Each structure stands twice: as structure tokens, then as C-alpha cells.
Amino acid sequence: MTAILNRSLTRAEVETFLYREARLLDDRQWDEWLALYSPQVEYWMPAWDDDDQLVEDPQQHISLIYYPSRDGLEDRVFRIKTERSGASMPEPRTSHNIANVEITAERDGELDVRFNWFTLSHRYKDTLTFFGTSYYGLDVRGASPLITRKKIVLKNDYIRQIIDIYHV
């Protein structure tokens, strides 16, 4: 039986975790990236409605990306790795950049984290910039943190291509 560790993370440790996630995406280390996610993770990028408000329910409204569990992320990674994703061929070169990391709440074994980000994505002689704010739930009870919730607020108002997991 695995003991549950009752510990928290410092902001510097949270930043290191986020930088690692970004590096794994940039380096296309898909399996290692997936290992950062809890099997029960909710991965959600809500869309903006006509009133410049984010939609509030992925079950009721259009989302830019929505996976109710890691199974969806695993399927997406499988399609990327096996070149069964026309939208990802060729895979873009990305550079993820993170700023303004805050721990916004702390509960027994869980942290809520907010940070700003921008990603440069280069493909077909074109470089695009995506930017926004992300909100994570982190389970810090194990040997290494797991992402239990990821809400991505994309702040671009015009997207010229399909947005995917490696853009955010």
C-alpha cells in the first residue's frame, strides 16, 4: 500500500513542474507528458460566446477542446504519434513560455494554480502566437504532482488553424 504524503509545493516547485510540462510538449515527449495527468483529469478549453463571455459548461456549450478524462488525451496522442492526425502533420515546432505563476488555493493534498502563457508555433513557413491563462488543479499527495484539472482560456480572438493540445 502506498502511503499518501501530506505535503505542499512551493511556488518554485510548481513553476518547475509547469516548465517541465511545457518542455515535454516542445520536445514531443508525449508519453512523459501524459504521465503528468491524473486518469480522472478534466482538460477543457472553453470557447467565447457572442457576448465576449466564456461558456460555462462543456456538456452544454461548444468548447475549443474538451476531454472529460485522460482517455481523450491518450487517444489524441495516439493519433499524433501514429500520423493519423492530418491536422498535426507535419507536427509544428513549438515554444511554450510561462509567466505570473500563482498558487491561488491550497487544500489537503491539492493546489489550485493560475498562470499566463504564450506559445509560438511554426509550421509551413508561418509562425503563429497563441496566448492565454490556464487554471490547474494539482494533486500533490503522491511522489510527484498530477494534473487533475486543466482549464485553458485562449485569449486570441482569431485562430487561423486548428488548435490542438501542443499549442497550449
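The entries below follow the order in which I looked things up.

**Entry 1. Aromatic pairs.** I note at the outset that this is a predicted model. I searched the whole structure for aromatic pairs and found six. I looked up Trp30 and Trp33, which form an edge-to-face pair with 6.4 Å centre to centre and 90° between the planes. Both residues belong to helix α2 (residues 30-34), where they are three residues apart, about one turn of the helix. I then checked burial: Trp30 and Trp33 are both buried.

**Entry 2. The largest nonpolar core.** Which residues touch the most other members of this core? Among its 38 residues, I listed Leu18, Trp33, Tyr43, Leu73, Val113, Leu138 and Ile165. Helix α1 (residues 11-26) supplies the largest share of the core, six residues. For Leu18, I set aside the neighbours within four places in sequence and found contacts with Ile98, Val101, Val113, Phe115 and Tyr136.

**Entry 3. Glu21.** I located Glu21 in helix α1. Is Glu21 buried or exposed? Its relative accessibility is 3%, which is under the 20% limit, so Glu21 counts as buried. I found a polar contact of 3.2 Å between the side chains of Glu21 and Trp33. Leaving aside neighbours within four places in sequence, the residues in contact with Glu21 are Trp33, Leu36, Tyr37, Tyr136, Ile147 and Lys150.

**Entry 4. Strand pairing.** I followed strand β4 (residues 110-123) to strand β5 (residues 126-139); the two pair in the antiparallel sense over 14 bridges. Within this pairing, Asp112 stands opposite Gly137 in β5. The hairpin of β4 and β5 has two residues between the strands, and Tyr124 takes a positive phi near 55° there.

I next looked up strand β6 (residues 146-154), which pairs with β5 in the antiparallel sense over eight bridges. How many residues lie between β5 and β6 in their hairpin? I recorded six. Leu138, one of the core residues listed in Entry 2, stands opposite Ile147 in β6. Ile147 is also among the residues in contact with Glu21.

Key. Residues are numbered from 1 along each chain as its sequence is written. This is a predicted model: local features need pLDDT of at least 70, side-chain atom pairs count only at pLDDT 80 or more; totals for chains, interfaces and linings use all residues. Side-chain values use heavy atoms; hydrogens and water are left out. Rings of Phe, Tyr and Trp (its six-membered ring) pair if their centres lie within 6.5 Å; planes under 30 degrees apart count as stacked, over 60 as edge-to-face and the rest as tilted. Helices (H or I, at least four residues) and strands (E, at least two) are DSSP runs, numbered from the N terminus. Buried means under 20% relative accessible area, exposed over 50%, partly exposed in between (1.4 Å probe, protein chains only). A nonpolar core is a set of buried Ala, Val, Leu, Ile, Met, Phe, Trp, Tyr and Cys residues joined through side-chain atoms within 4.5 Å. Contact means heavy atoms within 4.5 Å. A polar contact is a pair of N or O atoms within 3.5 Å; within protein, one must be able to donate a hydrogen and the other to accept it, and residues adjacent in sequence count only if both atoms are side-chain atoms. Two strands pair if DSSP finds at least two bridges between them.
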